[in-house]
Amino acid sequence: MHHTGTQTRPLTVVRQDVSLGAERDLDFGLELLARARAGSLGPTLRLYRPAPTVAFGQRDTRLPGFEAAARACLDNGFEPLVRRAGGRAAAYHQGTLVVDHIEPDADAVAGSKARFGYFGELFAQALQNVGVQAAVGEIPGEYCPGEFSVHGTDAADSSRRVKLVGTAQRVVSGGWLFSSVIVVEDSAPIRKVLTDSYAALGLDWNPATAGAANDLVPGLDVAAVERALLETYAGHATLETASFSSLGA
């Protein structure tokens, strides 16, 4: 796996127990990246369960149906936002786990492509450890398609595959932020808001690709996936913990 730098410096794990609000949650990750770039923040892993949000890509905003798509999000109880990273619209809520990994890195750009593969494999391993048949790779018709998406296969029907983890990266001179969303519980609202917003945008996709880990492993919850993720991370980095208040949000 690609070396991320965490093997030589401890990775501080910070759990954010309460959403700061959809927009503030998104912006705070960028603030942490700015701190890392400036040298005031070391390698940090921020974990939180977000407020219902649809994060559109920059390309989505240029489509004629964008305003209608944003209204569809609000009608479904999701806040529409535009993220700085690429890709198409992705939806998440309290049944998902957002993982923001931030690191100062003097050569951040050089490892940007390899980082997608590294984290894809890490998340797939974590999901495998809780019984999900997870693998890295885009599946036909998935929302916010990506080469390094993590998907799960239904053990009872190998033709049924659902996207479980979407990833995005922000790279600046001196640091990077790798943000991932793991969909664990309650996939129906996510499927509904994506169906409505993608229809407004005029984008083709297959709603059957929107699912959650507990659609494949009944009873699985966010807490169990978070534990598995940290156990997997512990094989790649020395972990330390700190309170969320230490970040001064």
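Below are my entries, in the order I made them.

**Entry: the model.** I am working with a predicted model, so I keep that in mind for everything below.

**Entry: disulfides.** How many disulfides does a search of the whole structure find? I got 0. I wanted the reason, so I went to the cysteine sulfurs, with 2.5 Å as the limit for a pair to count. For Cys-73, the closest cysteine sulfur belongs to Cys-144, and at 13 Å that is too far for a bond.

Entry: I placed Cys-144 in the loop between strand 7 (133-136) and strand 8.

**Entry: another positive phi.** I noted Asp-186 as well, a residue other than glycine with phi near 60 degrees. I found Asp-186 in the loop between strand 10 and helix 4 (187-201). Its relative accessibility is 43%, so I wrote it down as partly exposed.

**Entry: Arg-115.** I looked this one up in helix 3, which covers residues 112-128. Is Arg-115 buried or exposed? Buried, I found, with a relative accessible area of 1%. I then checked what its side chain reaches, and got the backbone oxygen of Ala-108 at 2.9 Å.

**Entry: the largest pocket.** I have its volume at about 800 Å³. Its lining takes in 41 residues, and the ones closest to the centre are Arg-83, Ala-85, Gly-86, Thr-167 and Ala-168. I also listed the elements that give two or more residues to the lining: helix 1 (22-38), strand 4 (79-82), strand 5 (90-92), strand 6 (96-105), strand 9 (157-172) and strand 10 (174-183). Which element has the largest share? Strand 9 does, with 8 residues. By residue type, I wrote down 22 nonpolar, 10 polar and 9 charged for the lining.

**Entry: Thr-153.** I found this residue in strand 8, residues 150-154. I call Thr-153 buried because its relative accessible area is 14%, under the 20% cut-off. What does Thr-153 touch, not counting residues up to four places away in sequence? I listed Gln-133, Ser-158, Arg-160, Arg-161 and Leu-216. I also took one C-alpha distance: Thr-153 and Ser-173 are 20 residues apart along the chain, and their C-alpha atoms are separated by 38 Å.

How values were computed: Residues numbered from 1 in each chain as written. Predicted model: local features only at pLDDT ≥ 70, side-chain atom pairs only at ≥ 80, totals over all residues. Heavy atoms only, no water. Helix = DSSP H or I, 4+ residues; strand = E, 2+ residues; numbered from the N terminus. Buried < 20%, exposed > 50% of the residue type's maximum accessible area, 1.4 Å probe, protein only. Polar contact = N/O pair within 3.5 Å; in protein donor to acceptor, adjacent residues only side chain to side chain. 1 Å grid on protein atoms, 1.4 Å probe; cavity = no way out; pocket = protein on both sides within 12 Å on 5 of 7 lines; lining within 4 Å. Points joined across faces, edges and corners; volume = space filled by probe spheres on them. Nonpolar A, V, L, I, M, F, W, Y, C, P; charged D, E, K, R; others polar. Contact = heavy atoms within 4.5 Å.
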